[in-house]
Amino acid sequence: MGIDPPDWTRARQAVVPAAPPEARPKDLFRGGTRLETAIIQGVPATRLAGWPRGARREPVSFALDPASPASQWKPVRRGSFGDGLVWRQEAESRWVFERPLAEDERCLGLGELYRGLDRRGKTHWLFTTDDPHHTESSPALYQAIPFVILERGGLAVGWFLDSPAPQRWDLGTDLGATLRITLLSRRGFQLTRLGPAPLPAVVGAFTCLTGRTELPPRWSLGHQQSRWSYATEREVRQVARELRRRRIPTDTVVIDIDYMEDYQVFTIDQARFPRFARMIGDLRRDGFRVVTILDPGVKRDDTAFVHRRGRERRAFCRDAKGEPFVGRVWAGPSCFPDFLREDVRAWWGEEAEALVRLGVAGIWNDMNEPSAFDVPDWLATTATELPRETDQRFLQEAPEGPTGHLEVRSVYGSQMARAAWDLLRRVSPDERPFVLSRSGYAGMQRFGAVWLGDNTSWFEHLRMSIPMLLSMGLSGVPFAGADVGGFGHDADGELIVRWYQLGIFYPFFRNHCAMGQRAQEPWAFGEAVERHLRRLIEVRYRLLPYLESLFVEHAATGAPILRPLFWHAPEDREAREIDDQFFFGPDILVAPILERARRRRSVYFPAGRYFPFDGGPPLGGGRRHSVEFGYDAVPAFVREGTILPLVDPAPHTDDLSRADLTFRCYGGRARGRYREDDGLTLGYQRGEVSEWELRFARGALCAVARQLGFPATGRRYFVEHEGERTSFTLPR
Ligand code: MIG
């Protein structure tokens, strides 16, 4: 490769300026403001827009879902934002927002940060950053979602500072009691307050504004096998063959950057992939989908057709002198499309369409912070003020006109993902798209899934993936996962087993690892490990009907798929601080082993009784239990009163609709819901879905059809209670 990763240690020092002085600087604000209110799904909302003097207009939001029903804002003539907010413009491009924090107030959300669930006590940067070393000192990562939830005594208030410019958030830093946000922008801001309301209502209102994730294609929820890189057709076929031969359920093989010719986007290396389409076709017949990577950088090469076409369309970002910005990435010096422009997204989609025509099923967007090796430090020059637009590396086309990149940087990744999403929608209007993105801004959830980027094969990163994914969910993004097994450094058998024990509950479930690391496929660690992983992946497949119902719930209410314990136990003081366990939907509590050489851990159960997933008597809630989890265990518990639909595993999801399905009933009385659709199209939105209400009492299951729009597949149904299984007929 020959390219060293940038030195982030140096960058980081420059990024975080010293704490602001105690004396309050005077307010330079002479611009315009607008205050509005609305009720969003029952939650009171206030929105304050502010823009500097001389601004062309108030800043346009890149986060709001145009389809959102929450557009009924009413202007407020007199009044204030409330919630104790004070704000001021301290300098031409520096805005400060402050509000006191109560002693017991928690700060949740804020997207992807390598930090615990409660973000209080620390300074964070909300600005998309490719930091390959995730440590407690990392102030920012790939996703920037400036939405915080201030929670206290079961009531929550959400604050959304809608601006993709650099934002520094001091959340009671140094034991302080002030929330202070410093926004570096010449465009201005929109600050929205949601609440006070219960936590689920605040998340519901936020996702009503910024959109929700649609039900993904079933195959994308199965096991995905990836690595940087399966670099030849032979390797890709071989991995697929091994997965089937070893009966490891898998739906997707992911192809990283080495399929391209010299890393030029939209090319395929003919020497290494001579029959790309045929390979995909063969894999498809074997039940695999292929996902390929795309990077935003287009190699600057006038002889190359993509670059030429992009230049002809003036699609690339330019500096104030009109020169295209050139950043070094894998392909060498490269130009960057301005994804803020609709015509550029459409052009990108036309180029990428060739991949889809070759059979590629989903698109993986990487490096879209955007990242460039020779500009490791996009923040360093912006410590206290933003450089003038003409001094910024390049400009982008915002709705109000050409705008410095730093003003809109954080939304670059979402807009690139949007280009892929729109393409897939256009090519197959009735299919559910699958798009994966490393970077994103508020509203990213409308354009697909995200993963947490370059983690490391450490137990520490296994552990941290829980609060990170919980925070993504609270920030509106449910379809997320971390590289299972870890990206950097070598995994080992124990780590990978523990990682799969957690990973089968990640909404996005992919084994991926970096160039130069030891093999990380499920069979790479010996026979015993392979056996455990096979069984764990089978459990993931068994849980897919339940997982799909969680996506349906998210689309209806905004509820995340992975939920902190207090989501379901708001009054429980002990549950408040737990971020090494979580609820997978309302009914399954997951408490994995997160340290090496451990077989036992303490698990806290909120009120209720919980049955170990692997069988055995229920454990009583409102207290801790010490529980043992061997390498063959599923570290999860099912709430008493649940009816869990479990499907028999199959090699891939195409075969799942005919597999036997068991309604496992937990406790003497239980209830649940069950739904069926084709797993692939948008037919369910037109009523091509069947749904039943389930009740279990006195040893008998009773199902009532709510909707019967999807025909029976011929599968058999069973009901299971206390280990006894009998056949069951679903009423149609
Ligand atoms: O500079 O495409 O996070 O998943 O394998 C590294 C190669 C670029 C970073 C991604 C990682 C991917 C890798 N990419």
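Me: How many disulfides does the structure hold?
Reply: The structure, a predicted model, holds zero disulfides.

Me: What makes Cys317 buried or exposed?
Reply: Its relative accessibility. Cys317 has 1%, and buried means under 20%. Cys317 therefore counts as buried.

Me: And Cys107, buried or exposed?
Reply: Cys107 has 0% relative accessibility. The cut-off is again under 20%, so Cys107 counts as buried.

Me: What percentage of the residues in the chain is buried?
Reply: Of the 732 residues, 65% are buried.

Me: How do you know that the radius of gyration agrees with a compact globule?
Reply: Set the value against the rule. For 732 residues, a compact globule would have a radius of gyration near 27 Å. The chain has 25 Å, so the value agrees. The C-alpha trace spans about 75 × 60 × 50 Å along its principal axes.

Me: Which share of the contacts with a separation of 6 or more joins residues 24 or more positions apart?
Reply: Such residues account for 71% of those contacts. As for secondary structure, the chain has 14 helices and 42 strands.

Me: What is the accessible surface of the chain, and where do the charges lie on average?
Reply: The accessible surface comes to about 26700 Å², with 48% belonging to carbon and sulfur atoms. The chain has 100 positive and 97 negative charges, and their mean positions are 3 Å apart.

Technical notes: Residues numbered from 1 in each chain as written. Predicted model: local features only at pLDDT ≥ 70, side-chain atom pairs only at ≥ 80, totals over all residues. Heavy atoms only, no water. Helix = DSSP H or I, 4+ residues; strand = E, 2+ residues; numbered from the N terminus. Rg over C-alpha atoms; globule rule 2.2 N^0.38 Å. Buried < 20%, exposed > 50% of the residue type's maximum accessible area, 1.4 Å probe, protein only. Contact = heavy atoms within 4.5 Å. Areas by Shrake-Rupley, 256 points an atom, 1.4 Å probe, with all protein chains shown as cover. Lys, Arg positive; Asp, Glu negative; His and termini not counted. Charge placed at Lys NZ, Arg CZ, Asp CG, Glu CD. Disulfide = S-S within 2.5 Å.
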